Amino acid sequence: MAVTIYHNPNCKTSCTVLKMLRAKGHDPIVIDYLNDPLGKSDLIGLLNHLRLSPWDIVRKKDAKSMRLTQDPKDLTGLITAIAKNRES
C-alpha cells in the first residue's frame, strides 16, 4: 500500500510522523503542501477519499484568523478559502 503524507517541514508533528513512517519501513510519497498546494479539485478529491468535511482538516485557530464561520451550508466557500489560503 502506498502511503502519502501532506507534509509541512516546519511542523514538529508532521516531521515526527514522517520519521515514524520511515522507521516502520515505509517510503511515503511526501507532498510539501506549502510549496505544492492542492487546488480545489484535488482538495475535494482528497476529502471525498478520506470521507472528511473541510471543517475536519482546518485548525480552529486558522479558521478564526481567516474569519471563517462554521456554516455547514457553505462547504464550497470553505474549500475555496482553504485553496486560496494555500495559494497566498
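Student: Where does Asn8 lie relative to β1 and α1?
Tutor: Asn8 sits in the loop between β1 (4-7) and α1 (12-23), where helices (H or I, at least four residues) and strands (E, at least two) are DSSP runs, numbered from the N terminus. This is a predicted model, in which local features need pLDDT of at least 70, side-chain atom pairs count only at pLDDT 80 or more, and totals for chains, interfaces and linings use all residues. Residues are numbered from 1 along each chain as its sequence is written, and side-chain values use heavy atoms, with hydrogens and water left out.

Student: What decides whether Asn8 is called buried or exposed?
Tutor: The terms rest on relative accessible area, with buried meaning under 20%, exposed over 50%, and partly exposed in between (1.4 Å probe, protein chains only). Asn8 has a relative accessible area of 13%, and therefore counts as buried. Leaving aside neighbours within four places in sequence, Asn8 is in contact with Ser14, Cys15, Tyr33 and Leu34, contact meaning heavy atoms within 4.5 Å.

Student: And what makes Arg51 buried or exposed by that scale?
Tutor: Arg51, in the loop between α2 (40-50) and α3 (54-57), has a relative accessibility of 77%, and so it counts as exposed. Although Arg51 is not a glycine, its phi is positive, at about 55°.

Student: How do you know that β1 and β2 pair, and in which sense?
Tutor: Two strands pair if DSSP finds at least two bridges between them, and β1 and β2 (residues 29-32) are joined by four, in the parallel sense. Within this pairing, Thr4 stands opposite Ile29, and His7 has Asp32 as its bridge partner.

Student: What is the handedness of the unit made by β1, α1 and β2?
Tutor: A crossover is right-handed if, with the strands pointing away from the viewer, the path from the first strand over the helix to the second runs clockwise. The β-α-β unit of β1, α1 and β2 is right-handed.

Student: How do you know that the buried residues of α1 line one face?
Tutor: The residues in question are Ser14, Leu18 and Leu21. Seen down the axis of α1, its buried residues fall within an arc of 60°, so they line one face of the helix, the arc being that of the directions from the helix axis to the C-beta atoms. These buried residues pack against β1 and β2, while Lys12, Thr13, Lys19, Met20 and Ala23, on the other side of α1, are exposed.

Student: Where in the protein is confidence highest, and where lowest?
Tutor: Confidence is given by pLDDT, the predictor's own value for each residue, from 0 to 100. The mean is highest in α1, at 96, and lowest in helix α5 (residues 75-87), at 70; for the protein the mean is 84, with 89% of its residues at 70 or more. Where pLDDT is low, the predicted coordinates should not be read in detail.
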